[in-house]
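Student: I would like to learn how to read aromatic pairs, charges over rings and nonpolar cores. Please take them one at a time.

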Amino acid sequence: MTDQSKTSASHSAWMDEQYFTASLHEADAEIAALADSEMERQRNSIELIASENFVSRAVLDALGSVFCNKTVVGYPGRRFHAGAHEADALERLAVSRACAAFGSRFANVQPHSGIQANLAVFRALVRPDQTVLSLSGAEGGHFSHGGAANLSGSMAKAVYYHTDSNGLIDYDALEALAREHQPRMIVTGGAAYPREIDYPRLRAIADLSGALLMADIAHFAGLVVARCTADPFPHCDIVTTTTYKSLRGTRGGIILTNDEKIAEALEKATSPGVQGSPLLHAIAGKAVCLGEALRPSFAAYGRAVLANARALASELQAGGTAVLTGGTDTPLVIADLRQRGLKGQPMVEALDRAGITCNRCEIPGDDTDPAMTSGLRFGVSAATTRGLGTAEMIMIARAINRLLEAAQAGGDLGPLEAQIAGESRAMMADFPLYKALA
C-alpha cells in the first residue's frame with residue numbers, strides 16, 4: 001500500500017472511528033436497553049417454556065465470535081468462497097462432536113432450525129405423490145411433519161396416526177395405516193408427546209412397506225445423549241433435532257443418519273435445497289454445546305431434567321390438575337385443563353404475570369379454538385440448567401395449582417398473580433444467571 005493510499009484510507013469520510021471498538025451499550029442505546037430488560041426478565045422468571053433453555057457463557061461467546069463475519073456455501077473442502085480453512089475446521093469439529101454425541105456415522109450441522117432440518121429430509125427422501133405417516137398435531141406431533149400450513153405439506157401426502165384413550169401412540173392402529181397406505185416414510189416424535197417412543201416396534205411397522213423411519217427428537221435430544229431415554233439408533237434411518245431445548249445449545253438444527261447415500265442426499269437437500277450459506281457463528285455455538293454434551297456432567301444434567309419433569313407432573317396431579325398420560329418420560333409435562341373448565345391461553349397470560357412462563361397446547365380430543373386450547377405445555381430443561389431441583393419443582397407445581405384453582409373459582413387474579421410473581425423472583429434470586437454479564 002502506498003503512502004497516498006494510507007493517507008486516503010485514514011481520512012475516509014465514511015469511516016466510523018468507533019465501528020470496531022464501541023460496545024452495544026455505547027453504539028445503540030435502544031437495543032442495549034431491550035437486552036438489559038430481557039436479561040432482567042430471564043433472571044427473575046421461572047422458565048417453563050419447553051422450547052427454551054439457557055446457553056453457557058461459552059456458547060454466547062461463540063455466537064458473538066468473528067465467525068459471524070464469514071460467508072461460505074457448500075461443505076468442508078468444497079466451498080464456493082475462499083478463505084474457508086477455519087470454517088472447514090469448525091464445521092468438521094461440529095460434525096465429529098454430533099456423531100460422537102448421538103452415535104451416528106453422519107451428521108449435517110448446517111440447518112438453521114429444526115424445521116429446516118425436517119424440510120431437508122422431506123426434500124431429499126419423499127415426493128409429493130408419496131405418503132408420509134405422522135403423529136397428529138393435536139396429539140403431540142409437529143406441523144413440519146407434513147402439516148398443510150407448512151411447506152412440508154406440499155412435499156408429501158400426510159396421513160396422521162393417533163394416540164389411544166390413555167394418550168399413548170396406538171401402534172396397532174399405526175400398523176394398520178401402514179399396511180393400508182404403504183408409506184414412503186414414517187415420522188415419529190413431535191412437539192408435545194411426553195412418553196418414550198417404541199423404536200423397535202416402529203422399525204418393524206416401517207419394514208412392512210419398506211418405509212423409511214424418521215425420528216424428530218428435538219424436545220428430548222439431551223436425554224438421548226445423556227442415555228436417559230430410548231436411543232433412536234440403530235432403528236431409525238434419519239434423526240433430526242434442534243440444538244437448544246434439552247440439548248441447551250444455540251438455536252439451530254442437525255440431521256443424523258448412518259446411511260451414506262441418505263447423507264449425500266441430505267447434503268444436497270439442505271444446501272442448496274432449502275437454504276444457502278450456513279450460519280457459521282451458529283455452527284460454532286453448536287460445536288460448543290455438543291462438546292459440553294460429551295462431558296460426564298451432562299449425563300447428570302439429563303437425569304436431573306427427567307427427575308424434575310416427573311416431580312412437576314406428580315405434584316400437579318396431587319393438587320388436582322390432570323396431566324396427559326398421567327406422567328412423563330421426557331422434559332415435557334402436558335396439563336389438561338378441561339376438568340377445571342379452563343382454557344390454555346388465558347392461563348398462559350396469568351402465569352406469565354405471576355413470573356412463570358409456559359405455552360398453550362392442544363391435547364387429544366381438544367375441541368377448543370387452537371388460539372385458546374385446553375392444555376398447557378411445561379418443560380423443565382431451562383429451569384434445570386439454572387439449578388432448580390425436585391424441591392423447587394414441587395413448589396412451582398403448587399403455585400401453578402393455586403393460580404388454576406383461583407381461576408376456576410372466578411374473580412380477580414391480580415393479587416394472587418402479584419404474590420406468586422414475588423415468590424418467583426425470590427426463588428430465582430438463589431440461582432444466578434450470567435453473573436459475569438451483570
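Tutor: Start with burial: Tyr301 is buried, with a relative accessible area of 7%. Buried means under 20% relative accessible area, exposed over 50%, and partly exposed in between, with a 1.4 Å probe and protein chains only. This is a predicted model, in which local features need pLDDT of at least 70 and side-chain atom pairs count only at pLDDT 80 or more, while totals for chains, interfaces and linings use all residues. Residues are numbered from 1 along each chain as its sequence is written, and side-chain values use heavy atoms, with hydrogens and water left out.

Student: How many aromatic pairs does a search of the whole structure find?

Tutor: Rings of Phe, Tyr and Trp (its six-membered ring) pair if their centres lie within 6.5 Å; planes under 30 degrees apart count as stacked, over 60 as edge-to-face and the rest as tilted. The search finds two such pairs. Tyr19 and Phe20 make an edge-to-face pair, 5.1 Å centre to centre with 90° between the planes. Phe298 and Tyr301 make a tilted pair, at 5.4 Å centre to centre and 45° between the planes.

Student: Are Tyr19 and Phe20 buried or exposed?

Tutor: Both Tyr19 and Phe20 are exposed. Phe298, in contrast, counts as buried, at 1% relative accessibility.

Student: What separates Phe298 and Tyr301 along the helix?

Tutor: Helices (H or I, at least four residues) and strands (E, at least two) are DSSP runs, numbered from the N terminus. Phe298 and Tyr301 are three residues apart in helix α12 (residues 296-318), so about one helical turn separates them.

Student: Which residue lies over the face of Tyr301?

Tutor: A charge sits over a ring if NZ of Lys or CZ of Arg is within 6 Å of the ring centre and within 35 degrees of the ring normal. Arg248 lies over the face of Tyr301, 4.0 Å from the ring centre. The charged end of Arg251 sits over the ring of Tyr244, at 4.3 Å from its centre.

Student: Which residues have the most contacts inside the largest nonpolar core?

Tutor: In soluble globular proteins, nonpolar side chains tend to be buried together. A nonpolar core is a set of buried Ala, Val, Leu, Ile, Met, Phe, Trp, Tyr and Cys residues joined through side-chain atoms within 4.5 Å. The largest one has 101 residues, and Phe102, Leu376 and Phe378 have the most contacts inside it. Helix α12 gives the largest share of this core, nine residues. Another core, of 19 residues, lies apart from it and includes Val126 and Leu266.
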